[in-house]
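I opened the file to look up a few items and write them down in order. These are my notes.

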Number of protein chains: 2
Amino acid sequence: MTAHAAAVQVAVSTVIFALRPHEDTGRMTVWLPLVRRIRDPFGGRWALPGGPLEPDEDLAESAARTLAETTLLAPQYLEQLYAFGNTDRSPGERVVSIVYWALVRSDEAAVAVETENVRWFEADSIPGLAFDHNLIVDYALWRLRNKLEYSHIAHAFLGETFTLSELREVHEAVLQKSLDPANFRRQIEGSGQVVPTGDVQTGGRHRPARLYRYNRDAADGTSGPLAWPAAPAQGTT
Amino acid sequence: MTAHAAAVQVAVSTVIFALRPHEDTGRMTVWLPLVRRIRDPFGGRWALPGGPLEPDEDLAESAARTLAETTLLAPQYLEQLYAFGNTDRSPGERVVSIVYWALVRSDEAAVAVETENVRWFEADSIPGLAFDHNLIVDYALWRLRNKLEYSHIAHAFLGETFTLSELREVHEAVLQKSLDPANFRRQIEGSGQVVPTGDVQTGGRHRPARLYRYNRDAADGTSGPLAWPAAPAQGTT
């Protein structure tokens with residue numbers, strides 16, 4: 001190990017997305033928790049939850065730990081997003097940040113507490129963040145919107161079964177546009193990605209709606225050799 | 001910075017894929033260059049090209065530099081693949097490896113020299129590598145095969161324009177199976193991902209074949225906010 005190599009620090013941060021109503025419009029939109037930095041660089045600024053990688057913990061463990069410490073969240077699914085390592089991203093030090101991301105259901109997000117130094121923000125109207133964290137959030141949002149097209153990722157916001165209206169609301173919230181219900185139904189049913197469970201959802205104001213689940217046999221770009229349990233994403237905390 | 005944080009080292013490695021004929025069958029298949037380690041741990045074993053991240057170079061710069069130093073390759077396109085950081089991946093030290101990958105055309109790969117310590121291997125029959133590099137190669141192959149389905153990635157193996165036969169050969173080499181020419185043509189033309197240039201390729205043994213190029217307007221899962229030039233992948237060497 002050279003003196004040079006030791007001068008590079010490794011941090012792990014997380015981007016957590018949940019769907020909540022927009023404060024002004026009431027429409028569902030994407031939110032994420034941020035943490036206020038209590039020391040320099042960027043003291044007082046909002047930043048993604050995270051911290052230095054400990055030598056005895058795996059990357060995903062580190063992500064889960066700092067996330068639990070700051071927001072009390074324990075997402076079922078944490079996926080590595082990207083490693084950010086430009087030389088100028090942190091003044092006076094060289095830090096490579098490995099960023100994880102997770103999507104949490106509303107009931108999971110409900111346990112998250114807000115304090116003076118932990119707050120949820122609408123993803124499209126976050127303030128100027130510490131480091132290159134605005135770029136990281138932009139990239140995570142792009143990945144979320146892009147992945148919606150070719151994977152089962154919307155599932156992470158829903159329960160095991162869901163109605164097509166609920167699935168459409170997830171797509172509308174993520175893409176921030178209205179989708180024609182009939183077109184959406186035709187596209188989703190044509191894609192073979194969801195299959196009817198045979199059950200219906202009752203009890204609402206509307207007539208019973210058919211319940212669906214994701215088709216586990218359909219190709220999905222989200223897993224591969226690093227999928228659980230080969231690369232466990234769940235933390236120890 | 002804590003003493004703990006300094007104990008984690010950062011390395012950058014690359015997986016370079018090119019298409020070449022299989023040594024036994026003569027069919028096109030995926031190859032990659034490996035470098036023999038000259039010191040412990042894993043002295044004498046083959047490994048991915050790479051080395052420690054220098055404090056004054058960006059991640060992609062480091063990937064391009066070590067790649068050029070070991071193989072003389074300068075791929076037009078280097079993309080970050082994944083960060084591997086399990087605690088047990090390198091005996092007696094903690095190393096997080098940020099892995100880049102690139103696809104190179106045959107004419108680009110032709111400049112690569114083989115020496116006693118640098119050799120190209122068929123991707124499906126590589127030996128037991130140092131560290132977790134077999135897992136890394138498996139993951140890169142999975143990503144390559146998966147991405148072929150939803151992105152323009154096959155383009156990296158071809159020139160600016162190509163015939164549908166050439167494109168089918170790339171798919172066959174990557175997927176390692178024969179594809180029916182008529183079905184392939186129908187699928188590709190139906191996808192809207194390629195458009196005819198209006199020119200034909202002449203001079204071969206066969207009748208002139210129509211030339212195509214990728215449709216730049218079609219959605220592509222390969223770029224986004226980190227695309228060139230926001231996150232330049234080209235090295236300084």
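I count a residue as buried when its relative accessible area is under 20%. By that cut-off B:Tyr214 is buried, because its relative accessible area is 7%. I keep in mind throughout that this is a predicted model.

Entry 1, the aromatic pairs. I looked up the total and found 16 aromatic pairs over all chains. I picked out B:Phe162 and B:Tyr214, whose ring centres are 5.4 Å apart with the planes at 50 degrees, so I noted the pair as tilted. Which strands hold the two residues? B:Phe162 lies in strand β8 (residues 162-163) of chain B and B:Tyr214 in strand β10 (residues 209-214) of chain B, so the pair ties together parts that are 52 residues apart in sequence. I also checked B:Phe162 for cover, and B:Phe162 is buried at a relative accessible area of 0%.

I traced an open sheet of 3 strands in chain B, in the order β8-β10-β9, with antiparallel pairing. In this sheet β8 and β9 (194-201) of chain B stand at the edges with a single partner strand each, so one side of each has no neighbour in the sheet. I found 5 bridges between β9(B) and β10(B), which pair in the antiparallel sense. Where is the bridge partner of B:Gln201 in β10(B)? I found that partner to be B:Ala209.

I looked at strand β7 (residues 118-122) of chain B and found 4 of its 5 residues buried. Strand β2 (residues 28-36) of chain B is joined to β7(B) by 5 bridges, and the two run antiparallel. One pairing I wrote down is that of B:Pro33 with its bridge partner B:Trp120 in β7(B). B:Trp120 has B:Arg20 over its face, at 4.4 Å from the ring centre. The charged end of B:Arg20 also sits over the ring of B:Trp31, 5.9 Å from the centre of that ring.

I located B:Leu144 in helix α4 (residues 133-150) of chain B. Is B:Leu144 buried or exposed? I list B:Leu144 as buried, because its relative accessibility is 0%. I then looked up its contacts, leaving aside neighbours within four places in sequence, and found B:Phe17, B:Val30, B:Trp101, B:Leu103, B:Ile153, B:Phe157 and B:Val174. For B:Leu103, which is 41 residues away along the chain, I noted a C-alpha separation of 9.2 Å from B:Leu144.

I noted 6 helices and 9 strands in chain A. Of its 237 residues, 50% are buried. Among its contacts between residues at least 6 apart in sequence, 63% join residues at least 24 apart. I then took one helix pair, where helix α4 (residues 133-150) of chain A packs on helix α5 (residues 164-175) of chain A at an angle of about 145 degrees, with the axes 9 Å apart. I logged the crossing of α4(A) and α5(A) as left-handed. Which residues make the contact? On α4(A) I found A:Leu144, A:Arg145, A:Leu148 and A:Glu149, and on α5(A) I found A:His171, A:Val174 and A:Leu175.

Methods: Residues are numbered from 1 along each chain as its sequence is written. Chains are lettered from A and ligands numbered from 1 in the order in which they are written. This is a predicted model: local features need pLDDT of at least 70, side-chain atom pairs count only at pLDDT 80 or more; totals for chains, interfaces and linings use all residues. Side-chain values use heavy atoms; hydrogens and water are left out. Buried means under 20% relative accessible area, exposed over 50%, partly exposed in between (1.4 Å probe, protein chains only). Two strands pair if DSSP finds at least two bridges between them. Rings of Phe, Tyr and Trp (its six-membered ring) pair if their centres lie within 6.5 Å; planes under 30 degrees apart count as stacked, over 60 as edge-to-face and the rest as tilted. A charge sits over a ring if NZ of Lys or CZ of Arg is within 6 Å of the ring centre and within 35 degrees of the ring normal. Axes are lines fitted to C-alpha atoms, for helices over the stretch in contact, and angles run from 0 to 180 degrees between N-to-C directions. A crossing is left-handed if the near helix is turned anticlockwise from the far one by less than a right angle, and right-handed if clockwise. Contact means heavy atoms within 4.5 Å.
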